[in-house]
Amino acid sequence: MRHEGLGFPHPLAFWSGCLLIMIGVVAHVPMFLHSAAMNYKMAGMEMDATMWVGMGVIPLGVLLAWFGLMPRLELLRQGSHGTINFHVADNSPLNVEHWKLVAALLVAVTVDVMKPATLGFVMPGMKDEYGISQSSSGTLALIALTGTAVGSILWGRLADLMGRRAAILLSALMFIGTAICGAMPSFTWNLIMCFLMGLSAGGLLPITFTLMAEVIPAAHRGWLLVALGGIGTAAGYLVASGAAAVLEPLFSWRALWFLGLPTGLIIIFLGRYIPESPRFLANVGLKRQAQAVLNRYNGVLDRDEPEHVEVEEAASEGDKGLKQMLTGPYAPISLGLVGAGLAWGLVNFGFLLWLPTNLRDMGMSPEAANGLLAKSGFLALPGIVAVMWLYHAWSSIKTLVTFIALTALSLLVFFVLGLLSIQSSLAITFATAGLLISASGVIAMLIPYAAEIYPVHLRGTGAGLVAASSKAGGILGAVCGVIGVFSDLAFSALIISVPLLIFGGLLLKNGIDTRGRRLEEIHAAVTFKAASRFSAVTPQESEAT
């Protein structure tokens, strides 16, 4: 018997679309195999008719699969838009079904992280095959990063319109289609496909956190969200490096792009363990389907909910989307999260990227600089464990703000070191380790916190926007690197640390502790805190009204 929330409105259309996409990708394999005699170098080769047909079939398959999921949009338009009395058994223990979901979403996060990580392994081979410069090959990373930023916002919004499960599956299908990047004979085609690959993969991360936040019981939600990000990121880099070590010597760098086919198919077939969010279903008026999903996860949907229980409200058609996030009670929180994401991108894709060069400019030998960074990275490994414990046992918002402040503090240490030209290995080691630990902690909490803090009709959009901000920070970091901002260690450390402190303070003032609280309670707390900034209403008076 099929579970509610696990099927497809039009299964024949969906699976036919999947088949067409796979046929389109496989159509590019013969030409790839034909290039084996040339060490799989396809630069300059003319695409044959089979490849052109395959390229045309893929978008048709995506549209057909989309149609297989489209009735979700129709149901949304027909759903009720009043207050929904939705109560989840957030005190229930984790069971086998929860762990199946966690495992399936872990695979999705791993695949999402794997593709950007693969860029570093394909760029050297691509540079040699196409005969392009180092700066030209770097364009690939910039295009891919832009794709992931756009994809995070796009898929986050679609998740709020179509549903979390539908968006995950459609994103995975588009990801499969972009595997043909491995057979592209020109660098221009690689840039186009790499943007589309980033566009598709960029949506997996925010949607998985959104779905997990809405299904996992409140008592376990926080630490599992942080663990999902930390373990998924590590697994993604491990899979990317392992695949490069095994496949690249045999089939060249192109084989790493073809991995999009099997890895995407794994997500599709794990779809049976990925339910639709019960909160999303209830929010669009599909209470029977929400009840069925909750029954599977030991949840309860109360038809006669006590009046004192605070619930999330469905949005009216006029206040949905980014406008409500940027102008309503969530505006200061959104500004703080997006600002922190941008600053983190500058740290990770700018400051840390240029740190080895700056250390050498300070007089340190290349061997000593690389050894120092490796030692610092080893010291930073236990940081994610500390983040998980603090987020779960102390306070979600205070832990996030603390790690933002530690990131700024580490940068200020570099500011002093650069300003005074101090070359102390001990000081540089601790400053680098502190920066790696704190920056890793920040990104491990940003998207999980966004997935908890926003209401159900904005949760996918909010998580997508915050995820996109970190990618946008990377794009800004690349631009700053080109114009020479990071060539000055002290100056670059200072201009990133100041905004970090400002955005951290904004979050500390306006953020809500989500630890162990129901999502509906979090929404009510944010609304009340925003209202209290403009009036002297007490909690008792608010309850009385």
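These notebook entries record what I looked up in the predicted model above.

**Entry 1. Ground rules**

I noted that this is a predicted model, in which local features need pLDDT of at least 70 and side-chain atom pairs count only at pLDDT 80 or more, while totals for chains, interfaces and linings use all residues. Residues are numbered from 1 along each chain as its sequence is written, and side-chain values use heavy atoms, with hydrogens and water left out.

**Entry 2. The whole protein**

I began with the secondary structure, which comes to 24 helices and zero strands. Here helices (H or I, at least four residues) and strands (E, at least two) are DSSP runs, numbered from the N terminus.

I then looked up burial: of the 545 residues in the protein, 55% are buried. Buried means under 20% relative accessible area, exposed means over 50%, and partly exposed lies in between (1.4 Å probe, protein chains only).

The accessible surface is about 22000 Å², and carbon and sulfur atoms hold 68% of it. Such areas come from the Shrake-Rupley method with a 1.4 Å probe, and for residues only the protein chains shown count as cover.

I also looked up contacts (heavy atoms within 4.5 Å). Among the contacts in the protein with a separation of 6 or more, 83% join residues 24 or more positions apart.

**Entry 3. Helices α3 and α7**

Two packed helices are described by the angle between their axes and the distance between the axes. I looked up helix α3 (residues 49-69) and helix α7 (residues 164-177): they pack at an angle of about 170°, and their axes are 10 Å apart. Because of this angle, α3 is roughly antiparallel to α7. The axes are lines fitted to C-alpha atoms, for helices over the stretch in contact, and angles run from 0 to 180 degrees between N-to-C directions. Angles under 35 degrees count as roughly parallel, over 145 as roughly antiparallel, 65 to 115 as roughly perpendicular and the rest as oblique.

Which residues make the contact? From α3 I listed Ile58, Val62, Ala65, Trp66 and Leu69, and from α7 Ala166, Leu170, Leu173, Met174 and Gly177. By class, the contact has nine nonpolar residues, one polar and no charged ones. Ala, Val, Leu, Ile, Met, Phe, Trp, Tyr, Cys and Pro count as nonpolar, Asp, Glu, Lys and Arg as charged, and the others, Gly among them, as polar.

I then followed isoleucine 58, which lies in helix α3. Isoleucine 58 has a relative accessible area of 9% and is therefore buried. Leaving aside neighbours within four places in sequence, isoleucine 58 is in contact with Ile21, Gly24, Val25, Gly177 and Ile180.

**Entry 4. Positive phi values**

Most residues other than glycine have a negative phi. I looked up two residues that depart from this. Asparagine 39 is not a glycine, yet has a positive phi of about 60°; asparagine 39 lies in the loop between α2 (29-34) and α3. Serine 252 also has a positive phi, near 70°, and lies in the loop between α10 (218-251) and α11 (254-258).

Serine 252 has a relative accessible area of 13%, so it is buried.

Helix α21 (residues 459-482) has 24 residues and reaches 35 Å from its first C-alpha to its last, close to the 34 Å expected. The expected span is 1.5 Å times one less than the number of residues. The helix is mostly covered, with 18 of its 24 residues buried. Glycine 484, which follows α21, has a positive phi near 90°.

Tyrosine 454 is in the loop between α20 (425-453) and α21. With a relative accessible area of 0%, tyrosine 454 is buried. Isoleucine 522 is 68 residues away from tyrosine 454 in sequence and 8.2 Å away in space, C-alpha to C-alpha.

**Entry 5. Two partly exposed residues**

Alanine 386, in helix α18 (residues 383-393), has 34% relative accessibility and so counts as partly exposed. Threonine 402, in helix α19 (residues 396-419), is partly exposed at 31%.
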